[in-house]
Amino acid sequence: MRVAFVSFEFPPDTCDGGIATYVRQAATMLAKRGHRVSVFSATPQEDTARRETEAGVEAFRVYTPNRYEFAERVAPAFADEHQREPFDVVETPDFMADGRVIAEAHPELPLVMKLHTCSQILREVGREIPLWAYTKGWVKAGLTMTRPWWMRLPMERIEREHAGRADVVAAPSASIADRTRELWRLPRAPELMPNPFEVDERFLDIPVETETRRVLFVGRLEARKGVYELARAIRQLHRKHPDWAFRFVGHAHPWDREKVVALAGPAAAAMEFVGKVPHAELPRQLADADVSVIPSRWENFPTVCLEAMAAARGIVGSRFGGMAEMLEHGRHGLLVDPSQPKSIAAALGELMSDPARRMALGRAARTRVRQQYNADSVVQRQEAVYRQAIESRSRRLRKPNAAPEQAAIGMEVSCTA
């Protein structure tokens, strides 16, 4: 099968988020199975489009100075390669609809849209929760604070329309599938297609019995990652656990960092900001912590959680999104309402005060990762979804009214929100 990924994000040139990690892992996984895989991605370097091959994956890099321009700029490079030797199927992410121009120009191509987290969900969970909401149990991490349709941004409409062109909308978790189907009024439920995750021995080699008295946060310092609520929780914890430290690893805008420090108050003295580090550095960071905290208001398929599980850390995670499908509360870690600082503080305090409990959860989490996240089953499912897309597109092309049907599907998705 000749497979194309169209994604602005792809390491090492554009590797800011989880989409980049997913595309690299999925492309490499498929190449190992004997498929011919090409990735069409962006580069911030001002040169002509370049071509490179690594681990059996062919990458085409297109200079893109602005994230919004990628869909237009990548289309000619894709068209040239597709004309030279046609692709069997194309996969593109929901966020920013990277493949929208290509899909319009090549209506004969089977298209799979993979859900990561669409712009509308990001906007909803990215707003800061007002102070009064921390005492209200009905506020579910910002997800209930939606806006009426007339206030939605153009990109949200574009992403919904792009979903209407897809033969298969695929999701790595039931939570993102249900949430997106509700928002976009999809006529069919997305197909479950888990993200690949190969358990790295460097994480598995980390001893369970550590006593570092450190809590580790890995991720961007931004509202949707729950860092403001975490800062308030740390302020509460510091009174009872003054000998514990809190380390933040990840990109931090100065404004967000200053706000986190201000919200932590006197506890800020126990906080350390490392900044963004290479992925190869994460095993060392996890080995230097007893507890991993992931209080995101929303996560689709958080690799950072799987890595913390493989490292056998005590984990405090969010009960909203895909994390709740990875961790069974009380068995592999503790799940909390990320909009409630008191809930975060209570769970962290439980693991900080009870090393035996923390280590038992860590061992169980490591065992679960080894058993549940099998590369063979993931790649077989991915292949099945691709075949489904190919068969669906073939049926559409055989129908005399294929074009009207396609337009109707796009209209159903984009005009009902």
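Predicted model: local features only at pLDDT ≥ 70, side-chain atom pairs only at ≥ 80, totals over all residues.
Local features need pLDDT of at least 70 and side-chain atom pairs count only at pLDDT 80 or more, while totals for chains, interfaces and linings use all residues. Side-chain values use heavy atoms, with hydrogens and water left out, and residues are numbered from 1 along each chain as its sequence is written.

Searching the whole structure turns up 7 aromatic pairs. Rings of Phe, Tyr and Trp (its six-membered ring) pair if their centres lie within 6.5 Å; planes under 30 degrees apart count as stacked, over 60 as edge-to-face and the rest as tilted. Two of the pairs share Phe 248:

| Pair | Centre to centre | Angle between planes | Type |
|---|---|---|---|
| Phe 217 and Phe 248 | 5.6 Å | 45 degrees | tilted |
| Phe 248 and Phe 273 | 5.0 Å | 15 degrees | stacked |

Both pairs link distant parts of the chain. Phe 217 in strand β9 (residues 214-218) is 31 residues from Phe 248 in strand β10 (residues 245-249), and Phe 273 in strand β11 (residues 271-275) is 25 residues from Phe 248. Strands here are DSSP runs (E, at least two residues), numbered from the N terminus.

How buried are these rings? Phe 217 has a relative accessible area of 3% and Phe 248 one of 2%, so both count as buried (under 20% relative accessible area, 1.4 Å probe, protein chains only). Phe 273 is buried too.

Elsewhere, ring pairs tie Phe 40, Phe 60, Phe 78 and Phe 87 into a cluster. Arg 2 lies over the face of Phe 87, 4.1 Å from the ring centre, and Lys 259 does likewise for Tyr 228, at 4.9 Å. That label needs NZ of Lys or CZ of Arg within 6 Å of the ring centre and within 35 degrees of the ring normal.

Notes:
Helix = DSSP H or I, 4+ residues; strand = E, 2+ residues; numbered from the N terminus. Buried < 20%, exposed > 50% of the residue type's maximum accessible area, 1.4 Å probe, protein only.
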